[in-house]
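Hi,

Here is the structure I promised to send over. Have a look at it first, and then read on for what turned up in it.

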Amino acid sequence: MTLQALTPVNCAGLLQPGCSLLQLDGEILLFGQKGWPKRSCPTGVFGVRIKHSEMKLRAISFSNDSCYLPPLRCPAVCRLDPYDGLPESYLIHGGRTPNNEISSSLYLLTMDSRGCNRKLTLKCKEKELVGEVPGARYGHAMSIVQSRGKTACVMFGGRSYMPAGERTTERWNSVVDCPPQVFLFDLEFGCSSAHTLPELSDGQSFHVAIAREDSVYFIGGHSITSDSRPPRLFRLRVELLQGSPLLSCETLDFGLSISSALVTRTGPGHKYIVLGGYQSDSQKRMECNTVILDEKGIHIEHLEPPKWTQDIIHSRTWFGGSAGDGCLLLAVPSEGRPSQPDVHYFYHVRFQQEKESNEEEGTQACSQESTDYDNSTPLEDSEELYFGREPHELENSSDDEADTYNEEDEEDESQTGYWIKCCLGCQVDPNTWEPLYSTELHRPAMIFCSKGEEGHWVHAQCMELSETLLVKLSQGSKKYFCLGHGGLPYQEMTPPRQIIPVKRTPMKVKERNGPLMFKMSPAKKSFFKRLFD
């Protein structure tokens, strides 16, 4: 077991509490980063690369037929291993947006293609659910169960805002535990059903959910009602019968008092490592456990934790995720430094596996080993690399320079961005937005209102601008005022830009040599004059 400090290269501000780490096609992906995506990565999904104590991010693109995927915090993320000819994929449900809106959508994320330069392209589709559909929530968990040759998805827990009838001005953003119902999804037809079990009487969130075959184990979790983290452990068994499914729950005695823990799988078997989390609101859980699932049930054993650094010990919060089999990415804030409020310390935690041999320092035992871009270039200079690629794709094909996230290129879009509420009657929803103008491709058209010192961005659709006027305003140099600030489409010419004249320094005139002058006496002058006459 090793704990290695990492140096983020221009990406420290993107990883925030609530983000998720996914593994597709042997590559580690970051999802749910800080803020709304803009120029460097319009999809909001980054590939994570760890090598030689450095962590870099590269932008991941989506296929043209993909839907928009907002950067969700604390969603329920569930991995689907390949089955019945279907590729490996991820289910993403719910989560919280940077605008503090809670989602109720369900997304399916799969790999679309691999380019000749090993560039990964993803495909995202929103799945429609029918029946008893779960409401918007975050902090819940999803797991895959298999029974009688069928596959289904189990969702439980989470928290959401108070019901609309109970929300007041003072408690408008207050959250409550979702009802302790178990939702079962049929992945083929999108049917959802809700089930109430007597053993699950209290709501819980940020718990650990681990599944094997037809059983799901819920470990720990936090309850807002009691403000506690009791050492709970439930075993939920799902039988997918021909008619309706049969669910049964069993309460076990040897649970863990933990919430928001990090879980990583070690190898192809059902052996997991649970690290981190919290025992209370002000106390982190510094212990580590091994969880093994077999035919007899679940076995939880104590595991010696890594040797924590002082930054980790004294930090109040920490977060991260699985970075491959037997590997974790851990982050703690750099507290006590007002000049760097968004900077974190990052660590790579590796757990020694039985078949793993001693490796040199700097190499990776997790899945980055097989996708290391620098070590996979046998065809880098061959002609086969360029078949089927456009000329613009060849200009910046270096993985160290192209598609690498640069934090300096980004702007803060928490207040100005494509997915903001520009006015009280804003009609643009990032989950259901469709192009309105022919000039729009993947984002709604926006125009800048010059009212005030800094101004603000508004959606052209909300301001009811015609496409002709929109194009005219975007090409001209006139100020625009939205309906809330004057209501005039445009007025006042933008002040002309002052052109500072260039100071031209005259060139130094080269001194010219005059005629040769000789000093002669009057006698010599008369002699030469008589001589030439």
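Glu-213 is partly exposed, with a relative accessible area of 48%; here buried stands for under 20% relative accessible area, exposed for over 50%, and partly exposed for what lies in between (1.4 Å probe, protein chains only). Its salt-bridge partner is Arg-212, with the closest N and O atoms 3.7 Å apart. Arg-212 is buried, at a relative accessible area of 14%. By salt bridge I mean a side-chain nitrogen of Lys or Arg within 4 Å of a carboxyl oxygen of Asp or Glu.

Before going further, please keep in mind that this is a predicted model, in which local features need pLDDT of at least 70 and side-chain atom pairs count only at pLDDT 80 or more, while totals for chains, interfaces and linings use all residues. Residues are numbered from 1 along each chain as its sequence is written, and side-chain values use heavy atoms, with hydrogens and water left out.

Back to the charges. The salt bridges come to 12 by this rule. One of them joins Asp-25 to Arg-114, with 2.8 Å between the closest N and O atoms. This pair links distant parts of the chain, 89 residues apart: Asp-25 is in the loop between strand S2 (20-24) and strand S3 (27-31), and Arg-114 is in strand S9 (residues 106-114). Helices (H or I, at least four residues) and strands (E, at least two) are DSSP runs, numbered from the N terminus. Both partners count as partly exposed, Asp-25 at 30% relative accessibility and Arg-114 at 26%.

Arg-285 and Glu-287 form another salt bridge, their closest N and O atoms being 3.5 Å apart. Arg-285 is buried at 3% relative accessibility, whereas Glu-287 is partly exposed at 37%. There is also a network of salt bridges that links Arg-148, Asp-214, Arg-237 and Glu-239.

Now for a helix. Which residues of helix H2 (residues 467-475) are buried? They are Leu-469, Leu-470 and Leu-473. In general, an α-helix has 3.6 residues a turn, so residues three or four places apart point the same way. Thr-468 and Gln-475, on the other side of H2, are exposed. The buried residues of H2 pack against strand S31 (446-449), where contact means heavy atoms within 4.5 Å.

Two strands pair if DSSP finds at least two bridges between them. Strand S29 (residues 327-333) and strand S30 (residues 344-350) pair in the antiparallel sense over 7 bridges, and Ala-331 stands opposite Phe-346 in S30.

Finally, the whole chain: it has 3 helices and 34 strands, and 45% of its 533 residues count as buried. Among contacts with a separation of 6 or more, 54% come from residues 24 or more positions apart.

Best wishes
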